[in-house]
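Hi,

Here is the structure I promised to pass on. Have a look at it first, and then read my notes below.

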Amino acid sequence: MKNKLPAANQVKLTTITNVKGIMKKLALMVFIFCGFNCFAQKHTPLPHGMVFGDNPQNIAPVPATKIEAFMGKKIRQTTAITGTIIRVIKEKGGWFEMDAGHGKVIAAHFKNYNITLPKAITGRGVIIEGVAQRVLIADDMQHFAGDTVVGAKQHQEKVNPKARITFEVRGLMVDR
């Protein structure tokens, strides 16, 4: 014959049994939630050779650290450059910054606004093809140039040595 426990002990047993059942259900719910959540947050890897936009042509790429010397006195230059992406500023339209060495930065964006560049590309080596352009500033009195000399501009545009180079990208390929 079974020993009957006092009523107070029976209440404790049923409460403990209820808590164990609730804990099992809670653990199952957490496991299911984490399982689905982990699958949803997987990032797609960016393999070597992945292309955004047009495939870069067989132009010999110039290192991003030497682009200014390569351009010389030219304001615009169609070229391909290699470098590392510092950060993605805006995914839609592919706005990003590339390291140009010596603390300089190349601000780049895709010509085709429909390109979406993932943030996971930050820190990766890439080859980009497009048009490099120096940012120009006007001489102090350039807006008066037409007033002082008839038929000719007296002042010229000057290249700001501290200004960044911008790059309009037609194609990007993940290099490393």
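To start you off: does Arg170 count as buried, partly exposed or exposed? Arg170 counts as partly exposed, because its relative accessibility is 31%; the classes are buried for under 20% relative accessible area, exposed for over 50%, and partly exposed in between, with a 1.4 Å probe and protein chains only.

Before the rest, some housekeeping. This is a predicted model, where local features need pLDDT of at least 70 and side-chain atom pairs count only at pLDDT 80 or more, while totals for chains, interfaces and linings use all residues. Residues are numbered from 1 along each chain as its sequence is written, and side-chain values use heavy atoms, with hydrogens and water left out.

The overall layout

The protein has three helices and nine strands, and along the sequence they come in the order α-β-β-α-β-β-β-β-β-α-β-β. Both kinds of element are DSSP runs numbered from the N terminus: helices are H or I with at least four residues, strands are E with at least two. Of the 176 residues, 27% count as buried. The accessible surface comes to about 12400 Å², and carbon and sulfur atoms hold 61% of that; the areas are from the Shrake-Rupley method with a 1.4 Å probe, and for residues only the protein chains shown count as cover. Among contacts with a separation of 6 or more, 68% are between residues 24 or more positions apart, a contact being heavy atoms within 4.5 Å.

Strand β6 and its partners

I'd look at β6 (residues 125-134) next: nine of its ten residues are buried. It pairs with β3 (residues 76-90) in the antiparallel sense over nine bridges, where pairing takes at least two DSSP bridges between the strands.

The salt bridges

The whole structure has four salt bridges, counted when a side-chain nitrogen of Lys or Arg is within 4 Å of a carboxyl oxygen of Asp or Glu. Back to Arg170: its side chain meets that of Glu129 in one of them, at 3.9 Å from N to O. That pair links distant parts of the chain, with Arg170 in β9 and Glu129 in β6, 41 residues apart. Glu129 is buried, because its relative accessible area is 7%.

Glu68, Lys104 and Arg134 are linked in a salt-bridge network. Glu68 and Lys104 meet at 3.0 Å, N to O; Glu68 is in helix α2 (residues 67-71) and Lys104 in the loop between β4 and β5, 36 residues apart. For Arg134 and Glu68, the closest N and O atoms are 4.0 Å apart, and this pair ties strand β6 to helix α2 across 66 residues.

One backbone detail

His102 sits in the loop between β4 (95-99) and β5 (105-110). Its phi is near 55°, a positive value in a residue other than glycine. His102 counts as exposed, because its relative accessibility is 81%.

Cheers
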